[in-house]
Amino acid sequence: MPPAKTIVTRIIVSMLIGLLIGVAINEITFMFLRNTARAPKVIEIVIPKGTAEQVARGETPPTIPDSMTFVVGDTLTVKNNDTADHELGPLWIPSGTSASLYLDAAESYAYSCSFQPGEYFGLDVHEALTTGTRIYGILFSGIPLGMLIALYTLVIPSKKREEKNV
């Protein structure tokens with residue numbers, strides 16, 4: 001059995017290695033989710049003049065995306081500059097006006113939409129990624145990984161002990 005000081009050192013080093021691996025894994029993951037790593041804000045879609053005619057021909061207006069990603073607390077404002085009235089799910093937007101939709105729950109929505117040729121508009125609403133979320137992710141993966149590394153280092157015999165036994 002190795003001395004207590006060696007065991008404690010192995011555990012501390014293993015935990016640090018586990019946390020470093022946790023940081024690397026989580027930060028790489030968060031890089032892909034950076035569009036939800038922000039505070040809620042107002043996001044505006046502008047329906048340009050002539051959109052109704054483009055949609056009637058089966059064309060997608062170039063300035064309007066097919067779907068969008070939001071965080072809980074965002075407000076989607078749709079401004080209608082077209083000569084025709086438009087609809088987006090629960091919103092009715094007469095020509096020359098705007099309407100807003102507060103997004104208060106993390107869900108995926110599929111709204112009927114008059115300014116898309118497919119008559120569909122997808123909204124993905126996610127929880128905002130905060131610093132606390134990131135720290136939780138690092139600890140949630142790094143601590144168990146560090147504990148596993150520590151267990152393996154205690155099970156694997158050290159070279160010094162093997163040399164003494166020979």
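User: Threonine 77: buried or exposed?
Analyst: This is a predicted model, to start with. Threonine 77 is buried, because its relative accessibility is 11% and the cut-off for buried is under 20%.

User: Where is threonine 77 found?
Analyst: In strand E3, which covers residues 75-80.

User: What does the side chain of threonine 77 make a polar contact with?
Analyst: The side chain of serine 100, at 3.1 Å. Threonine 77 also touches Ser98 and Ala99, as well as Val42, Ile43, Glu44 and Ile45. That leaves out residues up to four places away in sequence.

User: Next, histidine 86. Buried or exposed?
Analyst: Buried, with a relative accessible area of 2%. Histidine 86 is in strand E4, residues 86-88.

User: Which side chain does histidine 86 make a polar contact with?
Analyst: That of aspartate 82, at 2.8 Å, side chain to side chain.

User: And what else does histidine 86 touch, not counting residues up to four places away in sequence?
Analyst: Its contacts include Ile47, Thr51, Ala52 and Asn80. Leu91, Trp92 and Ile93 are also among them, and so are Ser114 and Phe115.

User: Switching to helix H1. Which residues of H1 are buried?
Analyst: Ile7, Arg10, Ser14, Gly18, Gly22, Asn26 and Phe30.

User: What do those buried residues pack against?
Analyst: Helix H3, residues 131-155.

User: Which residues form the nonpolar patch on the surface?
Analyst: Val13, Ile17, Ile21 and Ile25. Together they have about 300 Å² of accessible area. Valine 13 lies in H1, residues 4-32. Valine 13 counts as partly exposed because its relative accessibility is 42%, between the 20% and 50% cut-offs.

User: How far apart are the end C-alpha atoms of H1?
Analyst: They are 43 Å apart. H1 has 29 residues, so at 1.5 Å a residue it should span 42 Å. The two values agree.

User: Last one, glutamate 119. What is its phi?
Analyst: Positive, about 55°, although glutamate 119 is not a glycine. Most residues other than glycine have a negative phi.

User: Where is glutamate 119 found?
Analyst: In the loop between strand E7 (108-112) and strand E8 (120-126).

User: Is glutamate 119 buried or exposed?
Analyst: Exposed, because its relative accessible area is 58% and exposed means over 50%.

Conventions: Residues numbered from 1 in each chain as written. Predicted model: local features only at pLDDT ≥ 70, side-chain atom pairs only at ≥ 80, totals over all residues. Heavy atoms only, no water. Patch = residues over 30% accessible without salt bridge, like charges linked within 9 Å, V, L, I, M, F, W, Y side chains within 5 Å. Areas by Shrake-Rupley, 256 points an atom, 1.4 Å probe, with all protein chains shown as cover. Salt bridge = Lys/Arg side-chain N within 4 Å of Asp/Glu carboxyl O. Helix = DSSP H or I, 4+ residues; strand = E, 2+ residues; numbered from the N terminus. Buried < 20%, exposed > 50% of the residue type's maximum accessible area, 1.4 Å probe, protein only. Expected span 1.5 Å × (residues − 1). Contact = heavy atoms within 4.5 Å. Polar contact = N/O pair within 3.5 Å; in protein donor to acceptor, adjacent residues only side chain to side chain.
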